[in-house]
Amino acid sequence: MVRARPADFVPEPEGFLPRVKNPAVRAWALEVHALWRNLSRRVDDAVRARPDWHTLLPLPGPVIIPSSRFREVYYWDSYWVIRGLLASKMYATAKSIVTNLVYLLDTYGHVLNGARVYYTNRSQPPLLSSMIRAIYERTHDVEFVVKSLPALLKEHEFWTSGLHQITVQNHGCSHNLSRYYAMWDKPRPESFTIDKESASNMSSSSEKQKFYREVASTAESGWDFSTRWMSPNFCVRNLSLGRGRNATCPADHMHT
């Protein structure tokens, strides 16, 4: 990914945060607003020319990365990014992010966890419709919503069919529920060494496969690994999530 200046960025947008009157707070808000210039990226032409040489996926438009430590766009982070862009009056950039996510959905059948080849086995919390609604509420762009509708229907089908749908019985009634379920039973490529180490004490291959699937499914849920997974009777260790975050977590006592 290479830097790309957002076409709709201005240092102080007209009507920016109208309720913020305190000069110090307003100056700070404008500093935060200025970060969009540092977080805007586009796919390098080299990736488009030889996609088989790269783990990055080619995307049709520029993106906003979650922070400077990342090099690719992520699904549910994009919802919060878009909320910020709308506050900054950067409507074109917000729409571009949705366009990229819809491209991933059309290409792979679901919006990927992130725009890397090793994320094709899972999605993340389905916030695409919320992104589109948030953009519509600010822009009233009906054409944008209509154009996005087929993608929303496709994502709904992804989450309500196949491995993601289960049927449960309650008081004699059947209920169809959607669940997070990564289509993966091996160490995550982006965290291969750590996943292998975490499963090293498991005796059977089926137990390891279940563990790998549950770790990837937890990554799909977007919950991340944090201190809520910790047991006070065990040491604290780092466990890397699918997109490279490190958090304290005793892996042998993880539940999804």
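A crossing of two helices is left-handed if the near helix is turned anticlockwise from the far one by less than a right angle, and right-handed if clockwise. In this predicted model, H4 passes H5 in a left-handed crossing, and the crossing of H5 and H6 is left-handed as well. Helices (H or I, at least four residues) and strands (E, at least two) are DSSP runs, numbered from the N terminus.

Conventions

- Local features need pLDDT of at least 70 and side-chain atom pairs count only at pLDDT 80 or more, whereas totals for chains, interfaces and linings use all residues.
- Residues are numbered from 1 along each chain as its sequence is written, and side-chain values use heavy atoms, with hydrogens and water left out.

Nonpolar cores

- A nonpolar core is a set of buried Ala, Val, Leu, Ile, Met, Phe, Trp, Tyr and Cys residues joined through side-chain atoms within 4.5 Å; buried means under 20% relative accessible area, exposed over 50%, and partly exposed in between (1.4 Å probe, protein chains only).
- The largest such core has 42 residues, of which Ile82, Leu85, Val98, Leu101, Leu128 and Met131 touch the most other members.
- At least two residues of this core come from each of H2 (36–39), E3 (63–64), H4 (77–87), H5 (91–108), H6 (128–139) and H7 (142–159).
- H5 gives the most to this core, namely seven residues.
- Another core lies apart from it and has five residues, including Ala199, Met202, Phe211 and Val215.

Packing of H4 against H5

- The two helices pack at an angle of about 160°, with axes 8 Å apart; axes are lines fitted to C-alpha atoms, for helices over the stretch in contact, and angles run from 0 to 180 degrees between N-to-C directions.
- H4 is therefore roughly antiparallel to H5 (over 145 degrees; under 35 is roughly parallel, 65 to 115 roughly perpendicular and the rest oblique).
- Ser78, Val81, Ile82, Leu85 and Leu86 of H4 are in contact (heavy atoms within 4.5 Å) with Tyr91, Thr93, Ala94, Ile97, Val98 and Leu101 of H5.

Packing of H5 against H6

- H5 and H6 pack at an angle of about 155°, with their axes 11 Å apart.
- This makes H5 roughly antiparallel to H6.
- Beyond residues up to four places away in sequence, Val98 touches Ile82, Leu128, Met131, Ile132, Ile135 and Phe144.

Surroundings of H4

- Asp77, Ser78, Tyr79, Val81, Ile82, Leu85 and Leu86 are the buried residues of H4, and their cover includes H2, E3, H5 and H6.
- Lys89, which follows H4, has a positive phi, near 65°.
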